[in-house]
Amino acid sequence: MSHSHENPYEFSLALPDWAIEENQRLPSSLPTPEARMAEVIRFSRLNFERGTGGPFAAGVFEKATGKPVVIGVNRVMAYQISSAHAEVMTLSIAQQIVGTYDLGGPGLPEFEFVVNWRPCAMCFGATLWSGIRSLVIAGSGPELEQITGFDEGPVTPTWEIELARRGIALQNNVLKEEAMAVYLAFANSGRFVYNARQG
Ligand SMILES: [Zn+2]
């Protein structure tokens, strides 16, 4: 299931075929953060059920209109690339679609980043670097690590302050129970948890 390239000095990452098709079938508008999160959670479940990655998904939407830019999923196992988290996949594809590394840049609509839990240490940094101005998460507590065993890394305890300092609006605990239900289903499925350091 790993992808190999002729040129070892080059890599590329793509969403699985089912997720591309699901993106093409999304409604033209998901008007509320709850509606956007519900879709992100649906993708997170499909990703592990179909064996294409971990139970993580993220979406970029136009905040005012609810127009989806892209919903992406975790691809670590498929590519054997540890940074292929849902947030990195989604922000990168959104930036490719919008045509800029800065999703908060001039002349653009305001974008909202919707993730099915608080981003890990790496993805918290990726969120700040993306220029996005709005973050919606399903939860931020230890439940994710407790249920799944994934090590989310040393996110600073002042993460909420750091978001605010950079003008990033935060909405937390959106469909928390629904997100946790997917983590429970993942944990009960017995699938592999790919931390760099086990135990
Ligand atoms: Zn991450």
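Because the model is predicted, local features were taken at pLDDT of at least 70 and side-chain atom pairs at pLDDT 80 or more, whereas totals for chains, interfaces and linings use all residues. Residues are numbered from 1 along each chain as its sequence is written, and side-chain values use heavy atoms, with hydrogens and water left out.

The zinc ion has as its protein donors His-85 (ND1), Cys-120 (SG) and Cys-123 (SG), at 2.1 to 2.3 Å from the ion. Donors are N, O and S atoms within 2.8 Å of the metal (3.2 Å for Na, K and Ca); water is not among the atoms, so sites may look incomplete. Along the chain the donors of the zinc ion follow the spacing H-x34-C-x2-C. His-85 lies in the loop between α3 (76-79) and α4 (86-98), and Cys-123 in helix α5 (residues 121-130), so the pair ties together parts that are 38 residues apart in sequence. Helices (H or I, at least four residues) and strands (E, at least two) are DSSP runs, numbered from the N terminus. Cys-123 is buried, its relative accessible area being 0%. Buried means under 20% relative accessible area, exposed over 50%, and partly exposed in between (1.4 Å probe, protein chains only).

Strands β1 (residues 57-62) and β2 pair in the antiparallel sense over five bridges; two strands pair if DSSP finds at least two bridges between them. The two strands form a hairpin with five residues between them, and Gly-66 in the turn has a positive phi of about 80°. Strand β2 (residues 68-73) is mostly covered, with six of its six residues buried. Within β2 lies Ile-71, which counts as buried at 0% relative accessibility. Gly-59 stands opposite Ile-71, and the C-alpha atoms of Ile-71 and Val-60, 11 residues apart along the chain, are separated by 6.5 Å. When neighbours within four places in sequence are left aside, the contacts of Ile-71 (heavy atoms within 4.5 Å) include Leu-15, Leu-26, Val-40, Phe-43, Phe-61 and Thr-90.

In helix α1 (residues 17-24), the buried residues are Trp-18, Ala-19, Glu-22 and Asn-23. These residues cover an arc of only 140° around the axis, which puts them on the same side of α1. The arc is that of the directions from the helix axis to the C-beta atoms. On the other side of α1, Asp-17 and Gln-24 are exposed. The elements that cover the buried residues of α1 include α2 and β2.

Helix α8 (residues 176-189) has 14 residues, which at 1.5 Å a residue should span 20 Å; the end C-alpha atoms are 20 Å apart, in agreement. The expected span of a helix is 1.5 Å times one less than its number of residues. Buried in α8 are Ala-179, Met-180, Val-182, Tyr-183 and Phe-186. They cover an arc of only 150° around the axis and are therefore on the same side of α8. The buried residues of α8 pack against α2 (33-49) and α6 (143-148), while the face turned away from the buried side carries the exposed residues Glu-177 and Asn-188. Gly-190 follows α8 and has a positive phi, near 75°.

The structure holds nine salt bridges, a salt bridge being a side-chain nitrogen of Lys or Arg within 4 Å of a carboxyl oxygen of Asp or Glu. One of them joins Arg-25 and Glu-22, with the closest N and O atoms 3.4 Å apart. Arg-25 counts as exposed at 58% relative accessibility, whereas Glu-22 counts as buried at 11%. Both residues belong to a network of salt bridges that links Glu-22, Arg-25, Glu-39 and Arg-42. A salt bridge also connects the side chains of Glu-49 and Arg-45 (3.6 Å, N to O). Glu-49 and Arg-45 are four residues apart in helix α2 and therefore separated by about one helical turn. Glu-49 is partly exposed at 43% relative accessibility, and Arg-45 is partly exposed at 31%. The side chains of Arg-166 and Glu-162 also meet in a salt bridge (2.7 Å, N to O). Here Arg-166 counts as partly exposed at 41% relative accessibility, and Glu-162 as buried at 18%.
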